[in-house]
Structure formats: structure tokens, C-alpha cells
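Biologist: Please put the model up so that we can go through it by question and answer.

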Amino acid sequence: MTEIRYVDIGAQWREEREELMPMIDAMLARGQHIGGDEIEQFEEAIADYCGTTYAVAVNSGTDALTLGMRALGIGSGDEVITPPNSFVASTAAIVQVGARPVFVDVGPDQNLDPVLWSPPSLPALGPLCLCIWEDECVTWTPS
Amino acid sequence: MDVRYSYLSEQFSDCDDLWEELKRFVPTGDFTLGKPLQEFEQQFATLIGAKQALGVNSGTDAIKLSLRAAGVWHGDEVITTANTFVATVGAIAELGAKPVFVDCNDVFCMDVGQVEDVITERTKAIVPVHYTGYMTDMERLMPLAERHQLTVVEDACQSILASQAGRRAGTWGSAGAFSLHPLKNLNVWSDGGMVITDDDEFAETIRLMRNHGLSGRDTVVRLGYNSRLDTIQAIVGKWLLPQAVEISERRRENARYYDEHFSPLPQITLPPRGGVFHEVYHLYVVLAEQRDALLRHCHKNGVEAKVHYPVPIYRQPALADLGYREGDFPVTDAQAQSMITFPCDQHLREEQLERVVEVVRDFYSCPNG
């Protein structure tokens, strides 16, 4: 019987090792362990890939949410709408900035249901925390 | 001949055995938590003399998670020192707490005698910073903190293996926070940090908080953070850890060399050394007359001296809302004008140390030259 593992990260390494090792070696030889050219190149490549002007690399997806919300001025006393089916990090990030998560159910595509969270059923809102689920991004502009 | 500040390109120039271990590890794909991290944590705890050590994402997070585990949150006040790296204060502010400063003493650490003056009913914790490799006077601070029932989280990010009366930095308070940043005495190839504690319950809280509050794959028991120490970095740390004592001793030897050669210069003031304190010289800092001109002279002559820091944290623009004014902390202010840091790491060669001394002497014999 063929065993099917859920994930085999090692397989990825076996494919990439030859190309990656010299790059890692060169980076260590320069002693550039924080920031530097590689980060900037990676950020530019991600921005290109996503079709955005900027990309800023951070420590984790959780911190990307936390820092993103902080940069938008979300904090104590604010409410942030998010789906109830996400990994804990989406909700934890909201709580970390001092805001209150408000859950709205998802539709058949597992994303926030636009009918349930459209105005006027919601109070006046600031920026929203959107969850990208299965690579589909829910977008909504407050009217 | 140049005397550079960062030694990272030399530190890992001869680490074939580390490469072999990494090559064995990477195909496992086990990049989150796991056995190498547990082993590193145990070795770190043994090295410092603590019951538990918990790897986290950075020294900043080591402080933040420790304060959070102690219950610090929005509206609380946390007492710390007027000159420290921004991370100490950033960690406090990230929790929504208010940093409250006291002045420094003659070894760049918290003046413990001033702490009681700033305690209010909102004060929840004290974060003494064992700055530059010195230690805060914990023999005086701990009874005071206990009397006021305040949690103490030690910022030991710059003072791994420092001690007071034989007791290590990080082991006095409820928790000790360490940094494994590339320029720290014990470092990894990225950001990294460690929390140490003797309290099992506290350790369990940190363990939960660094991993989203997950008690298992499907259960979140409290909302936390994503702040794990990278497993690959744990392997790097594990490789370097046996050298930690030697690194510290080399830095102490370098400091003794500088002390011996700087002490005859009337323009240089050495901070007090020794006594009950065992310093580890993450930074070798002295007070120098005409500091800014000396700094320029050093740079012009290939000596990468630095200042930690020319503008102390309490006067930084990001903290303007706290209402502090220049002059509020006269010792910190005076030090900020005259302190200078010379390279002191374990990879410096004798001729590089000699060169630093020569450049400094040269400056004071003809400072305008």
C-alpha cells in the first residue's frame, strides 16, 4: 500500500538543496544575519508576485496581521470582523493590538459571507481584517 | 589595520561539524519546536543555573511574554531604566502598559534607590536591565520588589553569564530574558531569545503563549503569540553553547587589556569594576572627554567604535507622549554625552586591541590632529 504523508518538507529540501546551499553559505560568510540584500530582493519578488507596490518581510504571518493592524491605527476599543473558522492567529492578532474580534459566519466558499457582514447590519467600521482562505481574498469597501 | 565591530564573518568560518548536523536535520523537515530545541533549552537552563529555559523568537519577545505571563496588560505601569535598547521599552508598550523610567547608576544600570519613588498603585512589574554586561544591584532590588509585591522580569539580553555574589543574571526575578541576536555573546544566525525561570507554572504559560496558546493541535486555551525559537537556530545555538564560558572569559580579558591601557589616560573614566559583580562585556563602554571628536578620530583611523546610545530611550521621539524632558535623568544624560563603546569580542586579535589603544592615545596627545 502506498503511504501518503500529509506533508514532506524534506522532499522540498532535497530538490532545492544544490541551488540553495551556496546562497546560504555566502550569506553566512558575509555575517549578514539580519536584514540585508537578500531580504530586499525577496520583498521585491513577493511584491511583484502579488502585484503590490510594497512587501515588507516580518517574523510570521501572525505578526504580519498584528503589525498591519497597528500600522492602520487599530487598537484598544476597536472592533475587527473576522471569520470564525480561521487558525487562531487571526483572532489572536486582533486581541494583541487591544481590539475585540467580532465573528461573522462564512459562506459556502469558507470565506466571510458578504450578505451577513454588509452594512447596515454592522456599525460604522474602520479598516477590516480580512482573512484569505484557500487563496481567495474577500474584499469589501465600506460605503 | 581596521578594527571592525561585527565579527560574524569570522565566528562561523570554521564550523564543518555544525554544517553536517544541519544537513542531517534539514531533510527531516521538522522546523517547528522539536527535539533540537528541547535539547538547546535544557543546555541553556543548565548553563545559567535555572530550572527551565524556553526558546522564543527574540529577546524582545522574551521580555514581552514574561511580562504577559506575569499578568501585565493595558493600563499597567512597568518600571525600567532611562537608558536601554529600545526593545525593553517596546516590549512593555506592546502590551499596552506604560513604561516608567528611573535614572541609571555609574555602571549604566537601574539606580535601585530611585525605584520606590515612582511606584504607584498601577505599577505591576519592574524590568531591571543588566546593561552592557553589567548587572543591576539585584540584592537591593529583590527585597524592595517583594515588599511591594511587584513582579521582576530581568532584561539579561546583554548579560549572559554575568553574576552578582555568584548568582547569575536572569535567575533573581520571576523570569530572566535573554537575546540570541547575532551580535550577542551567545548568538544564532537570526533573531532568537530565551526565557528562563524556576517556576514550572510560569514556564508552561510561556510555552503556551509562544505557540498561539495551543495545548494540542486543536485546542486553544489562551490567546498567545507566534514566538517560537526557530529549530534550525536551536541547532546553531546548541553548537555554540559549549563555547559560552570561553567567549565570556575572552571578552573579560580584552576588557582587562583596555582597562590597563586606558586607566593612565586622565581623559578616560572607567566605570567601577568587580566587587560582587562579574561583568561579561557584551559592550565595553567607558566615559571619554571630547567623545564625539574621539569617535570621529577612531572611525577615520579604522576603529569601528560606537555609542550605546547618544540619545537615551526616554528622550526618543516615539516616547514623547510620556512627557519626560531632557534633564529628568541627569546621570543618564551625562553618560549619553561621554560614553563610547570599543570592539571587545572574542575574535579580536592582540594587534587589533593594541591598535584601538594606540588610536585613542594618539587622539588625546594631539586631539586636533
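Biologist: Where is B:Gln290 placed?

Modeller: This is a predicted model, in which local features need pLDDT of at least 70, side-chain atom pairs count only at pLDDT 80 or more, and totals for chains, interfaces and linings use all residues. Residues are numbered from 1 along each chain as its sequence is written, and chains are lettered from A and ligands numbered from 1 in the order in which they are written. Helices (H or I, at least four residues) and strands (E, at least two) are DSSP runs, numbered from the N terminus. On that numbering, B:Gln290 sits in the loop between β14 and α10 of chain B.

Biologist: Is B:Gln290 buried, exposed or partly exposed?

Modeller: A residue is buried if 20 or more other C-beta atoms lie within 10 Å of its own, exposed if 12 or fewer, and partly exposed in between, with C-beta atoms placed from the backbone. B:Gln290 has a positive phi of about 50° although it is not a glycine. Because B:Gln290 has 15 C-beta neighbours inside 10 Å, it counts as partly exposed.

Biologist: What is the phi of B:Phe108?

Modeller: Most residues other than glycine have a negative phi. B:Phe108 lies in the loop between β3 and β4 of chain B, and it is buried because 25 other C-beta atoms are within 10 Å. Although B:Phe108 is not a glycine, its phi is positive, about 70°.

Biologist: Which peptide bond is cis, with omega near 5°?

Modeller: Most peptide bonds are trans. B:Tyr309 is in the loop between α10 (291–300) and α11 (330–338) of chain B. The cis bond, with omega near 5°, runs from B:His308 to B:Tyr309.

Biologist: Why does B:Val280 count as buried?

Modeller: B:Val280 is in the loop between β13 (277–278) and β14 (284–288) of chain B. Residues are in contact if their C-beta atoms, placed from the backbone, lie within 7 Å; not counting residues up to four places away in sequence, B:Val280 touches several, including B:Gly133, B:Ile160 and B:Arg251. B:Val280 counts as buried because its C-beta neighbours inside 10 Å number 25.

Biologist: How many residues of domain 2 of chain B are in contact with domain 1 of chain B?

Modeller: Domain bounds come from an automatic or database domain assignment, which for chain B gives domain 1 (8–243) and domain 2 (244–365). Taken over C-alpha atoms, the centres of these two domains are 24 Å apart. Domain 1 of chain B brings 32 residues to the contact, and domain 2 of chain B brings 30.

Biologist: Which are the edge strands of the seven-stranded open sheet in chain B?

Modeller: Two strands pair if DSSP finds at least two bridges between them. The open sheet has seven strands in the order β1-β9-β8-β5-β4-β2-β3 (chain B), with mixed pairing. Pairing on one side only marks the edge strands, β1 (52–56) and β3 (98–102) of chain B.

Biologist: What is the bridge partner of B:Ile79 in β4(B)?

Modeller: Strands β2 (residues 77–81) and β4 (residues 123–126) of chain B pair in the parallel sense over three bridges. In β4(B), the partner of B:Ile79 is B:Ile126.

How values were computed:
Two residues are in contact if their C-beta atoms, placed from the backbone, lie within 7 Å.
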